Amino acid sequence: LLFLRPRRDSSPPSSSSRPSSEPDPSRRPTTLVRPPDYDLDMMLSKARLKIETELPKTVANSARVWIPINLFNFAVVPPHLRPFGLLSFSVFWNCYLSLVQHRDLPLPEEVREEKGEGEDEDEDEDEQEDDKRQ
């Protein structure tokens, strides 16, 4: 993918009128810029893992929070103040959603590596205990 970005010129555009055959100096020529390379498979696996782990909890928490808030709002709050009540609670809910979204989750490969390292350490400790007994 290539994107177009204007080239930065140090010369200011002239204010004199030019004939239409000459290019307008205020229009800058463009250069092609290539965006950085991304590991698409890694991004998709992170997104899939995030959806599988966080979405059910978030939907359940949404029901726990918004059902009582809406019940209270429609039962007690006067109609002309209901939008303000919901807006005030939605600020806190959006903060929660942002925190959930930016939580770091280890990828399955990273979890396997960590478990593999942890198992080796446990085996080393078991071997040391066996050596002490002998």
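Helices here are DSSP runs of H or I with at least four residues, strands are E runs of at least two, and both are numbered from the N terminus. By that count the protein has three helices and two strands. Their order from the N terminus is β-β-α-α-α. The model is predicted, and local features are taken only where pLDDT is at least 70.

**Overall burial and contacts**

Of the 134 residues in the protein, 10% are buried. Among contacts with a separation of 6 or more, 72% join residues 24 or more positions apart.

Helix H1 covers residues 40-76. The helix bends by about 40° at Glu 54, and the proline Pro 56 follows within four residues. Glu 54 also belongs to the buried residues of H1, together with Leu 49, Lys 50, Thr 58, Trp 66, Ile 69 and Asn 73.

Helix H2 spans residues 82-101 and contains Pro 83. Because its relative accessibility is 45%, Pro 83 counts as partly exposed. The C-alpha atom of Pro 83 is separated by 9.1 Å from that of Asn 73, which is 10 residues away along the chain.

**Aromatic pairs**

A pair of aromatic rings is described by two quantities, the distance of the centres and the angle of the planes. How many aromatic pairs does a search of the whole structure find? The search returns two aromatic pairs, listed here.

| Pair | Centre to centre | Angle between planes | Geometry |
|---|---|---|---|
| Trp 66 and Trp 93 | 6.3 Å | 80° | edge-to-face |
| Trp 93 and Tyr 96 | 5.0 Å | 35° | tilted |

Trp 66 sits in helix H1 and Trp 93 in helix H2, so their pair ties together parts that are 27 residues apart in sequence. Both Trp 66 and Trp 93 are buried. For Trp 93 the assignment follows from a relative accessibility of 13%, since buried means under 20% relative accessible area.

The pair of Trp 93 and Tyr 96 lies within helix H2, where the two are three residues apart and therefore separated by about one helical turn. Its plane angle of 35° makes the pair tilted, because stacked needs planes under 30 degrees apart and edge-to-face needs over 60. Tyr 96 has a relative accessible area of 24% and is therefore partly exposed. Ring pairs link Trp 66, Trp 93 and Tyr 96 into a cluster.

**Largest pocket**

Rolling a probe the size of a water molecule over the atoms shows where empty space is left. The largest pocket has a volume of about 200 Å³. Which residues line the largest pocket? The lining consists of Lys 46, Leu 49, Lys 50, Gln 101, His 102, Arg 103, Asp 104 and Leu 105. By class, the lining residues divide into four charged, two polar and two nonpolar. Helix H1 gives the most to this lining, with three residues. Two residues named in the lining, Leu 49 and Lys 50, are also among the buried residues of H1.

Methods. Residues are numbered from 1 along each chain as its sequence is written. This is a predicted model: local features need pLDDT of at least 70, side-chain atom pairs count only at pLDDT 80 or more; totals for chains, interfaces and linings use all residues. Side-chain values use heavy atoms; hydrogens and water are left out. Buried means under 20% relative accessible area, exposed over 50%, partly exposed in between (1.4 Å probe, protein chains only). On a 1 Å grid over the protein atoms alone, a cavity is a set of points where a 1.4 Å probe fits but cannot get out, and a pocket is an open set with protein on both sides within 12 Å along at least five of seven lines; lining residues have an atom within 4 Å of a point. Grid points are joined across faces, edges and corners, and a volume is the space filled by probe spheres set on the points. Ala, Val, Leu, Ile, Met, Phe, Trp, Tyr, Cys and Pro count as nonpolar, Asp, Glu, Lys and Arg as charged, and the others, Gly among them, as polar. Rings of Phe, Tyr and Trp (its six-membered ring) pair if their centres lie within 6.5 Å; planes under 30 degrees apart count as stacked, over 60 as edge-to-face and the rest as tilted. The bend at a residue is the angle between axes fitted to the seven residues ending there and the seven starting there. Contact means heavy atoms within 4.5 Å.
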